[in-house]
Amino acid sequence: MALVEVKVPDIGDFDEVAVIELLVKVGDNVKAEQSLITVESDKASMEIPSSTAGVVKELRVKLGDKVKQGSVVLMVEASGEAVAAAPASVPAVAAASAPVSAAPVAVPAASAPAACGPIEVHVPDIGDFKDVAVIEIFVKPGDAIKMEQSLITVESDKAAMEIPSSAAGVLKELKVKIGDKVNIGDLLAILEGTVVSAATSAPVAAAVSAAAPAAVSAPVATTAIAAPAHNPGASTLGLPHASPSVRKFARELGVPLEEVKGNGPKGRITQDDVQAFTKAVMAGATQTKAQAAKAPAGGDGAALGLIPWPKVDFAKFGPIERKEMGRIKKISGANLLRNAIMIPAVTNHDDADITELEAFRVSTNKENEKSGVKVTMLAFLIKACVAALKKYPEFNSSLDGDSLVYKNYWHIGFAADTPNGLMVPVIRDADKKGILQISQEMGELAKKARDGKLSPAEMTGATFTISSLGGIGGKYFTPIINAPEVAILGVCKSTHEPVWDGKQFVPRLMLPLSLTWDHRVIDGAAAARFNAYLGQILGDFRRVLL
């Protein structure tokens, strides 16, 4: 088999365009006309297709390289099939700077749709989830199915997602039923599909797919596509900034692309962004707008066999103002309700003498004033909690059926108050970090939380959580456990109180502690010991070294 150079075809009046995406790697099998790279000028982005089929032997470009017509993109070991000619001048355009007119391209008349063979529809990649349950079926044999039409709803233990059809046709056979468990690649349905003349469909789809997410099903006379250039902050007529292949990938997963945050160049949405969004939805870390719209406001208790939630016309009693709850409050509210109902929680209250520790904290901040890192009492609490968790490892565990999973890592979540609601960033490997490093990370994560820029990865994986009301006030409270953790520490404002030292009352700075624990895993004696030990550490921080 011969090595074939795949070159950049005629892409119009563009010179030295930048490579912004590599869609294949060495060793991949590529088909003729399969997209290889995405290039971008200051006015448009487009995918460069392969002129032949075969195996990629060498990539001749990398991200950031400048290419032009005739530049070698990669070397392919041809498969022996006829080499297909690359599209001459109609690359898939993702965005152009201004309306551009061009001479109409004549399109041959379409032949009538013809029946084709059976088409299999499989479960697409929905993230790292196994055996998700089918909870809804939207179609039945004989139904006419459109591309991307929802077929079923699957549900993990944290979220539900609709699975769309990857093809259009008539549903001949449904391979799943309510209650079935499915995984990536499982056969869902068999369709009897229809096709149209390739002469009409291929070039139109190639030109239009980048500019409009909807599929083109009728032959039209096509001209150069006019669409706004991607300009962060400016209107893009509702079109997210993404390449045609990413749009197709999002459609296959049923992902609303306009809700995905792009992390590519100039805010471009990449395939990794789509995958991360899908996994976040399935993990319950985020919701699509459609999911949020379906969620019952406040919950009516019907699922628990409770009487209906009272329906009241509040306007009868006086003026009212209605405001929609924020997305974060909706998501966290559902989790809190589940945790409060499902976990048999008990709370122990105690006080810790932090007089010397507070004096040390103040002196530390004075010594490190120039560093810009401010040490808070919460940083000491995180370190103290790690020491207590190591001494009492059941507090650093999780229930998994009838088993208890003990974690040999110590990731501490801390509740952060933001304008959009409560968020819980996580300090990872807190046992390996000093007070100054923990303080710095806390500051960075808290700022991200306030700015709404925390990623799902920065809010997951905690083994224990601290909810601190800081200097706001209060004495004790009952925090709700953040499942699948088995305990949470609530901390209120410290106050000076008279404490008997055996001879007299002396003023001491006392910190109120509220430890909530899962009674299925922890008993009262263990909780009392944990709180007492935590108080000892805070009273004499040298114990952390023991």
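Trainee: In which sense do S6 and S8 pair, and over how many bridges?

Mentor: Bearing in mind that this is a predicted model, S6 (residues 54-59) and S8 (residues 72-78) pair in the antiparallel sense over five bridges. Within that pairing, Leu59 stands opposite Leu74 in S8.

Trainee: And how does S3 pair with S6?

Mentor: S3, residues 29-30, is also antiparallel to S6, with two bridges between them. Val30 has Gly54 in S6 as its bridge partner.

Trainee: What is the strand order of the sheet they belong to?

Mentor: The order is S1-S8-S6-S3, an open sheet of four strands with antiparallel pairing. S1 (3-7) and S3 are the edge strands, and each has a single partner strand, so one side of each has no neighbour in the sheet.

Trainee: Stepping back, how many helices and strands are there in the protein?

Mentor: The protein has nine helices and 27 strands. Of its 546 residues, 40% are buried, and the accessible surface comes to about 29400 Å², with 57% of that belonging to carbon and sulfur atoms. Among contacts between residues at least 6 apart in sequence, 64% join residues at least 24 apart.

Trainee: Which residues touch the most other members in the largest nonpolar core?

Mentor: Those are Phe395, Phe464, Ile466 and Leu489, in a core of 53 residues. The elements that each supply at least two residues of this core include helices H7 (377-391), H8 (435-450) and H9 (524-539), together with strands such as S24 (464-468), S25 (487-491) and S27 (505-518). H7 gives the most to this core, with 12 residues.

Trainee: What does Phe464 contact, beyond its sequence neighbours?

Mentor: Leaving aside residues within four places in sequence, the contacts of Phe464 include Cys385, Leu389, Phe395, Ile412, Leu489, Leu515 and Phe530. There is also a second, separate core of 33 residues, and among its members are Val123, Val246, Phe249 and Phe277.

Trainee: Back to H7: is that helix mostly covered or mostly uncovered?

Mentor: Mostly covered, since 13 of the 15 residues in H7 are buried. Its length is also consistent, because 15 residues at 1.5 Å a residue should span 21 Å, and the end C-alpha atoms of H7 are 21 Å apart.

Trainee: What about Asn396, is that residue buried or exposed?

Mentor: Asn396 has a relative accessible area of 1%, so it is buried, the cut-off being under 20%. Asn396 lies in the loop between H7 and S18 (397-400), and, not counting residues up to four places away in sequence, touches Leu389, Val405, Tyr406, Lys407, Tyr409, Trp410 and Thr463.

Trainee: Changing topic to the backbone, where is the cis peptide bond?

Mentor: A cis peptide bond joins Ala483 and Pro484, with omega at about 10°, and Pro484 sits in the loop between S24 and S25. As background, most peptide bonds are trans, and most residues other than glycine have a negative phi.

Trainee: Then what is phi for Glu33, and what is it for Asp429?

Mentor: Phi of Glu33 is near 75°, and phi of Asp429 is near 50°. Glu33 is in the loop between S3 and S4 (35-40), while Asp429 is in the loop between S23 (426-427) and H8. Glu33 counts as partly exposed at 47% relative accessibility, and Asp429 counts as partly exposed at 27%.

Conventions
Residues numbered from 1 in each chain as written. Predicted model: local features only at pLDDT ≥ 70, side-chain atom pairs only at ≥ 80, totals over all residues. Heavy atoms only, no water. Buried < 20%, exposed > 50% of the residue type's maximum accessible area, 1.4 Å probe, protein only. Contact = heavy atoms within 4.5 Å. Areas by Shrake-Rupley, 256 points an atom, 1.4 Å probe, with all protein chains shown as cover. Core = buried A, V, L, I, M, F, W, Y, C linked by side-chain atoms within 4.5 Å. Expected span 1.5 Å × (residues − 1). Pairing = 2+ DSSP bridges.
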